[in-house]
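Please examine the following chain with its coordinates at hand. The explanation below leads from individual residues to the overall fold.

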Amino acid sequence: MRRAVRATAAGLAVAAGCFLAGVLTDGGDGGDGAGTPDGGRAGSVRTADRAAVVDPAARQNAPVLAGEDLDGKHVGLDGLRGHVVVLNVWGSWCGPCRAEADDLERLSRQTRADGVRFLGINTRDRDRAAARSFVRAHDVTFPSLHDPEGELLLRFPPALLNPQAVPSTLVIDRRGRIAAAIGGAVTDEQLRPLLARLVEEPS
């Protein structure tokens, strides 16, 4: 009897894990990602290799984001209006975040002249010292909002930014609308084409 219960519990755990993986990385829709990240709906999270730019008519406005960076200075999305913005959610404790940090910094420097700006959201790091150490280790020059409790993340629609999925990256167009949502680590090669397309859009 105990063996049967254990087997049933294990089966449920595996099923739940597979369901969550589908929700967090694939939008749970099974689409091919053509045209929009969710294969036609107004947007959902995609892994970087399947990410696409949402049609402008279907984009949702990004929420108001403002607060202190890791050094206590005020930063926010409002000051970046008119730029294409890469919004990256990360934590110093996160292995995939370390893997993508160098690519994000390099891309930030290389696309700045094109009007692209990067902004981080540092989450679950209660001690800013750990986050600042991460920034120094990877020579990150763009600012990050300090969001230890994940309060800023809750302002986004869960279909576009799951607070439990770290790292995550959103790309915001010049008008402040969410144009792409990526779950998981992203590379220079995966993100660059999305930015190039948005840079070419009229303001």
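**From a buried aspartate to the whole chain**

Leaving aside its neighbours within four places in sequence, Asp173 is in contact with Arg59, His83, Ala179, Leu198 and Glu201, where contact means heavy atoms within 4.5 Å. The model is a predicted one, in which local features need pLDDT of at least 70 and side-chain atom pairs count only at pLDDT 80 or more, while totals for chains, interfaces and linings use all residues. Residues are numbered from 1 along each chain as its sequence is written, and side-chain values use heavy atoms, with hydrogens and water left out.

Asp173 is placed in the loop between E7 and E8; helices (H or I, at least four residues) and strands (E, at least two) are DSSP runs, numbered from the N terminus. Asp173 counts as buried because its relative accessibility is 4%; buried means under 20% relative accessible area, exposed over 50%, and partly exposed in between, with a 1.4 Å probe and protein chains only. A polar atom of the Asp173 side chain lies 3.0 Å from the backbone nitrogen of Arg175.

Ile172 belongs to strand E7. With a relative accessibility of 3%, Ile172 is also classed as buried. Not counting residues up to four places away in sequence, Ile172 touches Ala62, Leu77, His83, Val84, Val85, Leu87, Arg177, Ile178 and Ala179. One of these partners, Leu77, is 95 residues from Ile172 along the chain, and the two C-alpha atoms are separated by 9.7 Å.

The largest one has 49 residues, of which Leu65, Leu77, Leu87, Phe118, Phe156, Leu191 and Leu195 touch the most other members. At least two residues of this core come from each of strand E4 (84-90), helix H2 (95-111), strand E5 (116-123), helix H3 (128-137), strand E7 (168-172), strand E8 (177-183) and helix H4 (188-200). E4 gives the most, with six residues. Beyond its neighbours within four places in sequence, Leu87 is in contact with Leu65, Leu119, Ile121, Phe156, Ser168, Thr169, Leu170 and Ile172.

Helix H3 may be followed next. Its buried residues are Ala131, Phe134 and Val135. They lie on the same side of H3 because they cover an arc of only 100° around the axis, the arc being that of the directions from the helix axis to the C-beta atoms. The buried residues of H3 pack against E4, H2 and E5, whereas the face turned away from the buried side carries the exposed residues Arg136 and Ala137. At the N-terminal end, Asp127 caps H3, with a side-chain oxygen 2.9 Å from the backbone nitrogen of Ala129. Asp139, whose phi is positive, near 55°, follows H3.

For the chain as a whole, four helices and eight strands are present, in the order α-β-β-β-β-α-β-α-β-β-β-α from the N terminus on. Buried residues make up 47% of the 203 residues. The mean pLDDT (the predictor's confidence in each residue, from 0 to 100) is 83, and 78% of the residues reach 70 or more. Over residues 1-42 the pLDDT is below 50, although this stretch has 50 contacts in the model beyond near neighbours in sequence. Where pLDDT is low, predicted coordinates should not be read in detail.

How values were computed:
A nonpolar core is a set of buried Ala, Val, Leu, Ile, Met, Phe, Trp, Tyr and Cys residues joined through side-chain atoms within 4.5 Å. A polar contact is a pair of N or O atoms within 3.5 Å; within protein, one must be able to donate a hydrogen and the other to accept it, and residues adjacent in sequence count only if both atoms are side-chain atoms.
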